[in-house]
Amino acid sequence: MAEVVILSVVIKIGVALGKEAVKQASLQFQQFITQLTELQGRMDRIRRELRLMHGFLCGVDIRNRRNQTYEIWVQELRMLAHEIEDIMDEYLYFVGHKHDTGWGTYLKKGCKQPNVLISLNRIASMVMEAEANLGHLFLVKSRWVSVVDGGNSSNSSDIVERSQHLASASRSLGEEDLVGVDEDREQLETWLRDMHLDCSVVIVLHGMGGLGKTALAANVYMKEREKFDCHAWVFVSQTYSTKDVLKRLITELYKESEDTPGDITNLEIDGLQNILITFIADKKYLIILDDVWTPKAFDEFSTLIRNGKNSRLIITTREGDVAARATPDRMLTLKDLPEDKAWDLFCKTTFASYADHECPKDLKSLSEEIVLRCKGLPLAIVSVGSLLRVREKTVEEWRRINDQLGWELINNPMLGDVRNVLHLSYIYLPTQLKSCFLYCSLFPEGYLFGRNMLARLWTAEGFIEERGASTFEQVAEGYMKELVQRNMLQLVQRNSFGRMKMFRMHDILRELAIDLCRNDLFGVTYDEDKCAGSLEKDGRRLVVHKLKKHIERSISSVHQLRSITALDKSMPSLTLLPLLCEMSTYMTVLELSGLPIVNIPYAIGDLFNLRHLGLRRSKVKMLPKSVEKLSNLLTLDLSRSDIDELPGGIVKLKKLRHLFAQKVKYLNGRFLLSSSGVSIRSGLGNLTNLQTLQSLEAQDESVRKLRELRQLRSLRLFNVKRVYHEPLCESLVEMHFLSKLHVIASDENEVLLLNALPPNLQKLNLTGKLDKDSFQAVGRNLYSLRLSLSQLIEDPLPSISLLSNLTELFLDGAYNGEKLVFLAELFPNLKTLQLRDLHNLKQLDIQEGAMVTLEKLSLVNLDSITEIPPGIKFLVTLRYLGFHEITQDFLTLLRECVRNGGMRQFWYTLRA
């Protein structure tokens with residue numbers, strides 16, 4: 001899939017030819033403008049040629065997967081693209097280094113001019129050679145490489161053909177072959193038989209490839225089709241032709257009719273549509289369109305064949321944007337099989353000849369492990385089970401298959417169906433999404449990706465394209481949504497107001513993606529337990545899962561490394577950063593969070609291309625002055641490190657978008673001063689691209705300059721005093737994009753008086769003393785509110801309840817009163833409520849009709865509460881009920897209540 005690499009290089013050349021780089025180069029090389037102009041011309045010609053190659057590869061890739069000469073040519077092209085990317089890195093480093101070396105002074109003295117010209121000529125020579133090699137590859141292709149015509153849809157690839165064959169095989173499965181689909185089958189049959197509505201109904205079966213959509217649809221189709229006047233089943237796929245689908249529909253529908261459509265061989269689309277519409281106009285039909293990939297196909301056919309005669313159209317798809325076209329009450333989303341059903345299907349397949357399909361006792365443990373690795377995907381379970389069915393039924397053979405299941409999935413012909421079905425989903429991804437998908441596969445099985453972190457990493461890696469006025473982070477979130485819709489990532493969790501929060505990749509998909517990464521030199525992973533100490537030498541990106549030995553021997557042999565992410569927090573790290581600075585001055589991503597790194601080498605400033613530096617939870621106390629040279633840095637993460645103050649030159653990093661630098665002083669976060677921010681004494685207003693600033697120590701200069709940071713989305717501010725309230729509020733109202741705000745008072749007696757807040761604020765966290773007027777400035781868009789150490793005397797709920805959109809409410813040591821009352825009809829959208837450290841609270845009254853959507857209730861260290869709040873029984877939507885830091889006596893009371901049927905399941909922790 002060389003188009004991924006080529007697109008990356010095209011973007012890199014675009015940066016080299018962008019306004020900023022051209023301006024820097026013109027100033028630096030004004031005495032060599034002729035050579036510079038010629039060099040930039042060659043770079044632009046390479047960029048144009050690579051863009052054409054990218055378009056060509058996207059058009060022909062699926063039809064040439066088994067063409068050996070084509071694959072060799074693509075491999076050569078990929079290697080050349082990497083070489084060109086290296087040259088562009090060197091050029092950008094050379095151009096951007098002028099301010100750091102003082103070349104302007106040297107030029108005036110006349111002593112360094114020849115070296116500058118030599119360097120320029122050397123880069124020009126490499127570009128000239130790359131251009132020649134690119135031209136040679138074109139000649140080689142025309143001489144040796146024949147490719148399938150991208151416009152001929154009849155020449156589908158082996159992958160598409162095998163997927164069609166699998167679909168046909170799925171249609172022949174009997175009811176006894178299907179496991180774990182009873183509820184879905186019953187629902188589908190109900191929709192087919194429901195004749196109360198005198199209209200046609202479109203039903204959508206949705207889910208990732210291999211879940212059994214076709215098998216389920218076929219099973220119901222075979223049982224129900226005779227109840228309709230006519231019926232048809234048509235496989236659509238990605239490469240469908242409208243004319244071909246119409247012909248097959250007409251042929252299928254006319255099969256049992258006495259009429260004939262005549263000769264339709266040479267008819268155009270209009271003629272075919274007329275025949276189809278005329279034939280079904282007065283008939284109740286059942287039509288299955290299997291494997292629909294695009295909203296265009298859905299709209300084209302679902303609109304065409306509706307006739308208002310209680311007809312039914314069933315569409316199967318793995319694409320979320322196709323499924324979204326259906327009405328929600330007629331969409332069935334298939335899920336992975338639960339463990340018990342997955343086990344039943346495995347045993348039924350693997351031990352088909354055994355009595356009751358029972359697994360032998362000595363194989364049960366390994367069999368369960370194998371089933372678990374299939375993650376409930378029916379196609380994978382059946383394929384692996386079929387493989388094991390013909391193998392020796394011994395522990396040794398079972399263990400061998402389990403140990404090399406990933407290899408079997410990629411290489412064993414018997415698992416080709418799994419490979420092809422899932423590979424199709426990847427092949428038809430847009431190029432920019434392919435990079436994002438492959439990147440996720442470099443992380444371990446079951447790894448949970450947070451939305452914000454993933455967006456920052458994708459952006460730093462250069463995967464995110466500019467789209468109008470949207471930020472990179474907004475575009476990245478759109479990519480995540482699209483990957484979820486295409487079932488390439490699984491959405492694990494949304495936040496309380498519905499925004500995507502956590503993702504993971506299906507393990508079977510990950511195995512296939514890792515193989516693609518390896519073939520494309522996209523990236524490599526390292527797990528000492530699985531790699532037997534070896535590390536692949538080629539790959540632009542390295543994600544270390546587990547490493548115990550010396551880092552130098554492990555990564556010094558990796559060529560052209562641009563990105564490293566360390567997930568093993570115990571790996572040796574003393575010499576890691578000096579080694580990486582020495583290995584590649586073109587490093588883009590250093591994600592080393594959690595490693596006990598103490599010192600940052602001065603050479604860090606030489607990493608001109610560095611865009612992401614992650615040192616969260618490290619032991620770093622200070623940064624060297626040289627970090628001011630990291631002019632391309634987008635994210636600097638020092639959160640929960642030992643940092644106190646940033647070097648003054650940090651304000652020179654004008655591209656910086658995310659700055660995390662909170663220091664934790666005490667692990668018990670209940671103290672007002674348990675954490676602190678960093679000081680930026682002057683120049684904060686220069687960082688106009690900042691979107692995240694966590695955390696800043698409030699000072700006269702910094703508070704005044706906050707108003708210049710109008711792109712801020714998230715702000716955490718420590719040490720806020722009364723004298724800062726007015727300038728802070730004046731700054732906040734200018735931040736129209738700010739959605740998260742956390743303000744911490746300077747001491748427990750300092751009252752926070754924020755009489756003006758940003759208009760689009762969604763999450764507000766106030767730590768410090770408040771008064772009864774503290775909520776007047778809060779807008780109605782607020783979703784989450786946390787009040788800590790507020791010392792409120794009056795019940796704050798009447799004021800807070802005016803925030804009708806609130807989905808999260810946390811009161812942590814915020815109220816000194818003895819009674820809280822949640823009245824009926826208040827907090828209609830609240831999903832999460834936490835009450836903690838309310839030491840005087842004796843009565844918690846929850847009326848029927850209050851908090852009707854509450855899902856999580858946490859009551860923590862409420863030491864004056866001696867009775868279980870009776871109103872909890874009204875919270876029928878609760879999924880989590882927690883009582884924490886309670887006494888043994890209160891626990892006894894809770895258990896007694898459960899035994900008497902007065903309360904459901906709960907979670908608890910005892911007071912230390």
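A crossing of two helices is called right-handed if the near helix is turned clockwise from the far one by less than a right angle, and left-handed if the turn is anticlockwise. In the predicted model described here, the crossing of helices α15 and α16 is right-handed. Helix α15 spans residues 339-350 and helix α16 spans residues 361-373, and their axes come within 10 Å of each other while crossing at roughly 115°. Because angles from 65 to 115 degrees count as roughly perpendicular, α15 is described as roughly perpendicular to α16.

On the α15 side, the contact is made by Glu339, Ala342, Trp343 and Phe346, which meet Lys364, Ser367, Glu368, Ile370, Val371 and Leu372 of α16. The residues of this contact comprise six that are nonpolar, one that is polar and three that are charged.

Pairing between strands was examined for β6, β7 and β8. Strand β8, formed by residues 500-504, runs antiparallel to strand β6, formed by residues 449-450, and two bridges join these strands. Strand β7, which covers residues 490-494, likewise pairs with β8 in the antiparallel sense, in this case over four bridges. Phenylalanine 503 of β8 takes part in both pairings, being the bridge partner of phenylalanine 449 and also that of leucine 491. Strands β7 and β8 form a hairpin in which five residues lie between them, and within the turn glycine 498 has a positive phi of about 90°.

Terms used
Residues are numbered from 1 along each chain as its sequence is written. This is a predicted model: local features need pLDDT of at least 70, side-chain atom pairs count only at pLDDT 80 or more; totals for chains, interfaces and linings use all residues. Side-chain values use heavy atoms; hydrogens and water are left out. Axes are lines fitted to C-alpha atoms, for helices over the stretch in contact, and angles run from 0 to 180 degrees between N-to-C directions. Angles under 35 degrees count as roughly parallel, over 145 as roughly antiparallel, 65 to 115 as roughly perpendicular and the rest as oblique. Contact means heavy atoms within 4.5 Å. Ala, Val, Leu, Ile, Met, Phe, Trp, Tyr, Cys and Pro count as nonpolar, Asp, Glu, Lys and Arg as charged, and the others, Gly among them, as polar. Two strands pair if DSSP finds at least two bridges between them.
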